[in-house]
Amino acid sequence: MENKKSLDTLRHSAAHIMAAAVTELFPGTKVAIGPSIEDGFYYDFDRVEPFTNEDLVKIEEKMKEIVKENHPFVCSSIPKAEAVKDFESKGEKYKAEIASQIPDDNVSIYKSGNFTDLCKGPHVKSTGELKYFKLLSVAGAYWRGDSSKEQLQRIYGTAFLTKEDLEDYLNKVEEAKKRDHRKLGKDLDLFSVNDTIGGGLVLWHPNGALLRNVIETYWKNFHLENGYYLLLTPHIASEELFKISGHLQTYSENMYAPMEIEGKPYRVKPMNCPMHLMVYKTKLHSYRELPIRYAELGTVYRFERSGVLHGLLRVRGFTQDDGHVIVSPEQLEEEMLRVFNMAIECLKTFGFNDYKIYLATRPKNKYVGEISDWEKAQDSIENALKKTGYEYEVDEGGGAFYGPKIDIKIKDAIGRLWQCSTIQFDFNLPERFDISYVNSSGKKARPYMIHRALMGSLERFIGVLLEHYAGALPLWLSPIQVAVANINEEQHEYCKELTQTLKKNGIRVVFDDRNEKIGHKIRENTMQKIPYIAVVGNKEKEIKSVAVRARGNKDLDVMTIDNFIGMVKEKNVPGINEL
C-alpha cells in the first residue's frame with residue numbers, strides 16, 4: 001500500500017511537470033486537470049492545434065530538462081478569491097472555475113520553477129525525483145466529461161519508481177498493440193464497423209459469425225445443464241414497460257429516441273430484465289418452483305458517445321449473456337454461490353484462470369430498500385463468497401442503487417484486468433413489477449431477484465478473447481479448424497473428398513484450392529492462425545493420408561485420415577485450450 005501511495009504521488013508530480021513543459025513549449029495553452037491514474041497519469045489541455053507525436057517527443061525532452069533542474073515543489077495556501085482572480089488574469093479559465101467551486105476559504109497552490117498549479121497534492125519533494133517516465137498518446141476529452149462543453153486534448157503518460165518497472169510496462173504496451181482485437185478482427189476477417197451503418201454497430205463476417213455460433217452453442221448447452229430456461233424477447237417494446245422498470249426515468253440518456261407505432265411510443269430495449277419479469281408474471285408461481293432461472297442471449301441497444309466507442313469493447317448494439325434468477329429470501333445465499341461457481345467454470349472453460357473478485361456494497365446516498373434488508377443481502381452474499389475459497393476485496397459503496405453485487409475481473413495473458421462476470425442482487429425490480437410467489441403458508445410473498453452475466457456481452461468477451469490469445473484461438477473456438485491444401489491439380493479431387501469427410505465429422509474446414517505454390521498457401525493459412533494445415537501431395541493421395549502442420553510451425557508428419565480426424569475430435573472440446 002505504501003508503494004502504491006509513493007507511485008501515485010510520483011505520477012501526480014509527473015502530470016504537473018508535463019503541464020509545465022507544455023505551457024513553456026506552447027504558450028497560450030490552457031491547463032485543466034492532471035491526475036494520476038491506474039497505469040500512469042494524464043493532463044487535459046485546451047489548445048487549438050492538435051498535439052502530434054513529434055510534439056510528444058518535444059514535451060518529453062522538455063520534461064527531462066525540468067527534472068534535471070530539480071525544482072522543489074513548494075506548497076502555499078492562499079485565499080480562494082485571490083486564486084480565482086490570479087488564474088482569470090492569466091487566462092486560465094479552467095483553473096479559475098475549479099478554484100471557485102472549492103468549498104473552503106483557502107486553496108492550496110503548488111509551484112515548481114516557473115509553473116504554478118492549483119492542486120491539493122501531494123507531490124514529491126522536487127522534480128529531480130522523476131527519473132523513469134514516458135509519454136504515450138493523445139486523446140480527446142470533454143471538460144468535466146460533458147460533451148456539451150469544451151473539447152480538450154488529453155496527453156497520457158506513465159511513470160515508475162524503477163527503470164525495470166517502466167521497461168516491463170512499455171513492453172506490455174507494445175505487446176498489447178500487437179494483440180489489438182481491432183487489427184486482429186480485420187486480419188482474420190471476423191468483423192467490421194461501418195460508418196454508413198453507424199458507429200458502434202458491428203457487422204459479423206462469416207468467420208466471426210462462426211466464432212459467435214460456437215460460443216453461443218456452448219453457452220446454451222451450459223445453461224440448460226444448469227437448470228435454466230432459455231428465453232427469446234423482442235428488440236423493441238412500448239415505453240410503458242420502461243416506465244414500470246424505471247429505466248425511462250433514470251437511464252433515458254443512454255436509450256435511443258422513441259419511435260411512434262400506431263400513436264404509441266416504442267423504444268429499442270437497453271435491458272432484457274423487464275421482459276424476463278413479464279414472462280414470470282404470465283402465471284402464478286409456488287415456492288416449490290423457486291429458484292426459477294431465465295437466460296437469454298439478448299441483443300440490447302444503448303447510446304454511447306462516439307468518442308468512447310472502441311472496436312468490440314465499447315459498442316452501441318451488443319448481445320448480453322443475460323440471466324435472471326427469481327429466488328425466495330432463504331435461497332439467496334445458496335443461489336449466489338451456485339451462480340458464482342457457474343461463472344468461474346465458464347471463465348475457466350475459455351482459458352481464464354486468474355481473477356480479482358469484489359463484493360460491492362450499498363452506496364452511501366443513492367439506493368433503494370431498507371438498510372436492514374441491504375445488510376441481510378450483503379451478509380448472504382459475503383457468506384457465499386467465503387464458501388468459494390477465493391480471496392476477495394470489499395468495494396465499499398460500489399454496489400448498484402438497487403442492490404449489492406459480486407464483480408469478477410479476469411487477468412489476461414499479459415496481465416491486464418478485464419471486467420466480465422457480474423452477479424447483482426436486486427431489491428428494486430421485484431417491487432416495481434409487483435412479482436410474487438405463493439409461500440409454504442399459502443400466502444403471497446415477494447421474491448428476490450439476481451441479475452447475472454457470466455461473460456458480460458459477446459462482443460466485449462470476443463474482443464478480450466482475441467487479445468488474450470493474440471488471435472490464435474484454441475481449436476474448439478477457431479472458426480476454421482483445418483485448412484486442406486493441395487500441392488497441385490493432381491490432388492484436387494482427393495482434397496475435395498477429404499474436405500467433405502472432415503465436415504461430416506463436425507470439423508470446420510476450408511479447401512485452399514488456389515493455383516498457388518504450396519509454400520504460399522502454408523504461409524497465408526498460418527497467418528490466418530488456423531490450428532491445422534493438412535497438406536496433400538501425390539504421396540498422401542496414394543496412401544489416403546495427410547501431412548499435418550500444427551499452428552506454430554509444428555510438423556506432425558504424415559497421418560491416416562482416421563488418425564487425423566481422431567486427433568482433432570479429441571482436442572475439439574470446450575476447455576481444451578492448447579493444441
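This is a predicted model: local features need pLDDT of at least 70, side-chain atom pairs count only at pLDDT 80 or more; totals for chains, interfaces and linings use all residues.
Across the whole structure, a search finds 24 aromatic pairs.

**Aromatic pairs**

Two of the pairs are set out below.

| Pair | Centre to centre | Angle between planes | Arrangement |
|---|---|---|---|
| Y94 and W143 | 4.9 Å | 65 degrees | edge-to-face |
| Y532 and F564 | 6.0 Å | 90 degrees | edge-to-face |

The pair of Y94 and W143 links distant parts of the chain, its members standing 49 residues apart. Y94 belongs to helix α4 (residues 93–100), while W143 is in the loop between β7 (132–142) and β8 (151–160). Y94 has a relative accessible area of 1% and is buried. W143 also counts as buried, at 3% relative accessibility.

For Y532 and F564, the planes meet at 90 degrees, and the pair is therefore edge-to-face. This pair, too, links distant parts of the chain: strand β26 holds Y532 and helix α18 (residues 561–571) holds F564, 32 residues apart. Both Y532 and F564 are buried.

Elsewhere, ring pairs join Y218, F222, F350, F352, F461 and W476 into a cluster.

**Charges over rings**

R362 is placed over the face of Y367, 4.9 Å from the ring centre. The charged end of K366 sits over the ring of F401, at 6.0 Å from its centre.

**The surroundings of H223**

H223 is part of helix α7, which spans residues 206–225. With a relative accessible area of 0%, H223 is buried. A polar atom of the H223 side chain lies 2.8 Å from the backbone oxygen of W219. When neighbours within four places in sequence are left aside, H223 is in contact with Y228, L230, A295, M342, R452 and L454.

Helix α16 covers residues 518–527, and K521, I522 and N525 are buried in it. Viewed down the axis of α16, the buried residues fall within an arc of 95 degrees, so they line one face of the helix. These buried residues pack against four strands: β24 (482–486), β25 (509–512), β26 (532–536) and β27 (545–550). Strand β26 is also the element that holds Y532 of the pair with F564. On the face of α16 turned away from the buried side are the exposed residues R523 and M527. After α16 comes K529, with a positive phi near 60 degrees.

Notes: Residues are numbered from 1 along each chain as its sequence is written. Side-chain values use heavy atoms; hydrogens and water are left out. Helices (H or I, at least four residues) and strands (E, at least two) are DSSP runs, numbered from the N terminus. Buried means under 20% relative accessible area, exposed over 50%, partly exposed in between (1.4 Å probe, protein chains only). A polar contact is a pair of N or O atoms within 3.5 Å; within protein, one must be able to donate a hydrogen and the other to accept it, and residues adjacent in sequence count only if both atoms are side-chain atoms. Contact means heavy atoms within 4.5 Å. The arc is that of the directions from the helix axis to the C-beta atoms. Rings of Phe, Tyr and Trp (its six-membered ring) pair if their centres lie within 6.5 Å; planes under 30 degrees apart count as stacked, over 60 as edge-to-face and the rest as tilted. A charge sits over a ring if NZ of Lys or CZ of Arg is within 6 Å of the ring centre and within 35 degrees of the ring normal.
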